[in-house]
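Here are a few notes to read alongside the structure. Take your time and look up each residue as you go.

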Amino acid sequence: MTPDERKIALTTMFNSSVLQAVATPAALSVLDENETPAIRILNRHFAGDWGTLDEHDAQMNEEALVTQDRVMSVYLVGEQKVWVITDPGWETTTILLPEDY
């Protein structure tokens, strides 16, 4: 995928799911405790910054940009991992903790 194609795919994902972004109460609590606005990690996710994903999972995300499959990011907020998952089809993005899954 070229850089331009990647940018188009990320923009499509953003436009498709940003209005359907939700978060679990536990994730919102962690974000609030660490003074981290939800929009900050959503911006990173929709910019293609997958956080602390390993190389294999990051590559799966890159492939998902072509197939509109699930895209996942992991960010460390304080001492807690916070996941951001855009569902297949890119209609909904969820911010959650691993234990919420």
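Which residues touch the most other members of the largest nonpolar core? Keep in mind that this is a predicted model.

1. **The core.** The largest nonpolar core has 27 residues, and Ile41, Trp50, Val82 and Ile95 touch the most other members. Several elements supply at least two residues each, among them helix H1 (3-17), helix H4 (55-67) and strand E3 (80-86). Strand E2 gives the most, with 5 residues. As a general pattern, nonpolar side chains in soluble globular proteins tend to be buried together.

2. **Ile95 and its contacts.** Leaving out residues up to four places away in sequence, Ile95 touches a list of residues that includes Val22, Ala27, Leu31, Ile41, Val82 and Trp83. Find Trp83 now, as the next point returns to this residue.

3. **An aromatic pair.** The count of aromatic pairs comes to 1. Trp83 and Tyr101 form an edge-to-face pair, 5.6 Å centre to centre with 65 degrees between the planes. Trp83 belongs to strand E3 and Tyr101 to the segment after E4, so the pair ties together parts that are 18 residues apart in sequence. Trp83 is buried, at 18% relative accessible area, whereas Tyr101 is exposed, at 66%.

4. **Thr93, a buried residue.** You will find Thr93 in strand E4. Thr93 counts as buried because its relative accessibility is 0%, and buried means under 20%. The side chain of Thr93 makes a polar contact with the side chain of Thr86, at 2.8 Å. Thr93 and Ala23 are 70 residues apart in sequence, yet their C-alpha atoms are 8.4 Å apart in space.

Technical notes: Residues are numbered from 1 along each chain as its sequence is written. This is a predicted model: local features need pLDDT of at least 70, side-chain atom pairs count only at pLDDT 80 or more; totals for chains, interfaces and linings use all residues. Side-chain values use heavy atoms; hydrogens and water are left out. A nonpolar core is a set of buried Ala, Val, Leu, Ile, Met, Phe, Trp, Tyr and Cys residues joined through side-chain atoms within 4.5 Å. Buried means under 20% relative accessible area, exposed over 50%, partly exposed in between (1.4 Å probe, protein chains only). Helices (H or I, at least four residues) and strands (E, at least two) are DSSP runs, numbered from the N terminus. Contact means heavy atoms within 4.5 Å. Rings of Phe, Tyr and Trp (its six-membered ring) pair if their centres lie within 6.5 Å; planes under 30 degrees apart count as stacked, over 60 as edge-to-face and the rest as tilted. A polar contact is a pair of N or O atoms within 3.5 Å; within protein, one must be able to donate a hydrogen and the other to accept it, and residues adjacent in sequence count only if both atoms are side-chain atoms.
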